[in-house]
Amino acid sequence: MGALSIRNVVKRYGETTILKQINLEVREGEFVILVGPSGCGKSTLLNMIAGLDSISEGEIAIGGRVVNDLPPKDRDIAMVFQSYALYPTMNVRENILFGLRIRKATQRQMDDALARVAKTLQMEHLLDRKPSQLSGGQRQRVAMGRALARDPSLFLFDEPLSNLDAKLRVDMRTEIKLLHERVKTTIVYVTHDQIEAMTLGDRIVVMKEGEVRQVGTPQEVYDDPDDLFVAGFIGSPSMNFVRCAVEFRDGHSGVKLRDGNGEFFFPAPPEVAGLPTHAGGEVLLGIRPEQITDKDPWGGQNPHARLQPAKIEVVQPTGPDTLVLIHLNGTSVTCRLHPSAMPRAGATMNLVFDLSKLVFFDPKSEKRIR
Amino acid sequence: MVDHVRAESAGTRVAWRVIVYGLLILVAMYYLVPLFVMLTTSVKTLDEIRTGNLISLPTQVTFDAWAKAWGSACTGADCGGLKGNFWNSMRFVLPAVAISTLIGAFNGYVLTQWRFRGSDMLFTILLVGCFIPFQVVLLPMAQTLGWLGLANTTAGLVFVHVVYGLAFTTLFFRNFYVSVPEEMVKAARIDGAGFFTIFWRIILPLSPPIIVVCVIWQFTQIWNDFLFGVVFSSGERQPITVALNNLVNTSTGVKEYNVDMAAAIIAALPTLFVYVVAGKYFVRGLTAGSVKG
């Protein structure tokens, strides 16, 4: 029995369809991320799980129980909002206990819950303060405490870190991950930030325009994207896409590339069986920046590593890496070099391409060619 | 060189201050003169008023006029002063203010946090209510009160003022609650609070600034109302504004200016009291909520 099942869920506002046939199974204790650009319907889906928004078609079940017609309070969920949504007239203690008090919990239950929550989130010293006396990070922690207090079977997070500054966001990310490891409650977490998605999730659901584009572990989604959108959305700096012609050489199918110095041929990885059907036509080659580097990380042991000189157009040192841009088939391609490599713009440099991870997309359907 | 410039600009600043404060004091005095005349006249004897000058200070302070205005001044055949009418006014103003404020708060809550199809339209229609002059509603209101069996009663007067005030109170609260984040209400719903619990436990505790604004506005409006009072009440149930008018316009006997002035001040005291007690919240509340925070 799954912790959360979403079956053929559709959401319409009048004529506009916001969500088209969403299906998702979330296992007990799983940390699932809904990620996508704004307007993709991820927050709407979360609100529908919470019961704050109605379901036009399909059904949502929490813990095996269909909740379509249950009000939010009977769904055994708790939610953390982007704006924290603390009750400004109540102090932290009252904020945390509000849900229990409304549900007529005994004093004993409330004391226990408060002690547990305050200890988990280390905020015993904040209990008597009003939300206005707290910093952004503390407010977000209180909002999480409020969710924890009722010990629900499902946590919903709606972009909880978007209002925090960059440094605090990283700290809170760690804290949320730790929290999940401690309480092991199922979490559905909405974000537009692909780094949050990658670092936090057991599984990532990538959404666009009301559709689920891909579901998988962070590594699956990163290494094995189903379509052009997922490949481009996940990863920073983002994957390079180069339009190129499909050719056969020495019995291998592959793509023809050209930089300022001349033409060369990259064979496709052997498991890509679909490429020959595109022979004579064009495909989009996808290659991530870290798959083009300056030193062979395998010491010559990787048969798919290919040394290829290329002309460096732009150099961008970032600290941990040096990013350089080269031109392939007229498109800028980002390569991630070691920080010690500081080529001059305009110079030609030997780069190592990892051809085992090349991916190809159909330029029309934008689907992956496997 | 630099110091010289700075000294000069400081001098100009002082000069400007003097001009600004001088003007302010002048304007304040202009507005305070009528109050000064009323106060001094009310503590003078009739003889002194007749012989003396309008803005001269009283030679001898007496509160006889106040006592008379409160307890024994005659309006027509009735010689009980304004005392009875003062309490009449209190009896309908307090419930009318309380009820209209509460309903306004409730309306504002529904119109902002529980929007429904047509809620914005409803609000627009309610707003039109703010622009309806008193005179327009007199006849239909008299008719309605007759049907309801409330004609000529305190409850009827309360009803009239609540209905007329709703447009304003709803406007106040609606504009205040628009800035309350919807997520807070969502959080409360998930916490298990229902429609009324959210109103009582979350929304109303946020509202003191706008309640103050609403109470001042409504109290002043209803206490100072003359037209509804004179039309929808009669005899010993008349509010103080109507009684004051009758007192001042009584044409028999000598015109007792000191009593008239004392009576007028008595009639104005409650609104003055409300302003002094709650005034500092007034401006704060009017501007709060206008900026999304």
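**A buried residue and its surroundings**

Analyst: Let us start with burial: Ala149(A) is buried because 25 other C-beta atoms lie within 10 Å. A residue counts as buried with 20 or more other C-beta atoms within 10 Å of its own, as exposed with 12 or fewer, and as partly exposed in between, with C-beta atoms placed from the backbone. This is a predicted model, in which local features need pLDDT of at least 70 and side-chain atom pairs count only at pLDDT 80 or more, while totals for chains, interfaces and linings use all residues. Residues are numbered from 1 along each chain as its sequence is written, and chains are lettered from A and ligands numbered from 1 in the order in which they are written.

User: Where is Ala149(A), and which residues is Ala149(A) in contact with, leaving aside its neighbours within four places in sequence?

Analyst: Ala149(A) belongs to helix 4 of chain A, residues 136-149. Helices (H or I, at least four residues) and strands (E, at least two) are DSSP runs numbered from the N terminus. Two residues are in contact if their C-beta atoms, placed from the backbone, lie within 7 Å. Beyond its sequence neighbours within four places, Ala149(A) contacts Ile96(A), Leu97(A), Gly99(A), Leu100(A), Ala113(A) and Val117(A). Ala118(A) is 31 residues away from Ala149(A) in sequence, and their C-alpha atoms are 9.4 Å apart.

User: What does chain A have in helices and strands, and what share of its residues is buried?

Analyst: Chain A has 8 helices and 21 strands, and 38% of its 370 residues are buried. Its C-alpha atoms fill a box of roughly 75 × 45 × 35 Å along the principal axes. Of the contacts in chain A with a separation of 6 or more, 66% join residues 24 or more positions apart.

User: How do I read a sheet, and which strands are at the edge?

Analyst: Strands of a sheet pair through backbone hydrogen bonds, either parallel or antiparallel. Two strands are taken to pair if DSSP finds at least two bridges between them. In chain A, an open sheet of 4 strands has the order 2-1-4-5 with antiparallel pairing. Its edge strands, each pairing on one side only, are strand 2 (16-26) and strand 5 (65-66). Strand 1 (residues 4-13) of chain A pairs with strand 2 over 7 bridges in the antiparallel sense, and Tyr13(A) stands opposite Thr16(A) in strand 2.

User: What about the nonpolar core: which residues have the most contacts inside the largest one?

Analyst: A nonpolar core is a set of buried Ala, Val, Leu, Ile, Met, Phe, Trp, Tyr and Cys residues joined through C-beta atoms within 7 Å. The largest has 145 residues, and Met79(A), Leu156(A), Val188(A) and Val205(A) have the most contacts inside it. Setting aside residues up to four places away in sequence, Val188(A) touches Leu4(A), Val26(A), Val32(A), Leu34(A), Leu46(A), Ile49(A), Leu154(A) and Leu156(A). A second, separate core of 16 residues includes Ala73(B), Leu82(B), Ile240(B) and Ala243(B).

User: How many residues of each chain are in contact with the other?

Analyst: 17 residues of chain A are in contact with 14 residues of chain B. On the chain A side, strand 6 (77-80) and helix 2 (92-102) are the elements that give two or more residues. That side has 12 nonpolar, 3 polar and 2 charged residues. Here Ala, Val, Leu, Ile, Met, Phe, Trp, Tyr, Cys and Pro count as nonpolar, Asp, Glu, Lys and Arg as charged, and the others, Gly among them, as polar.
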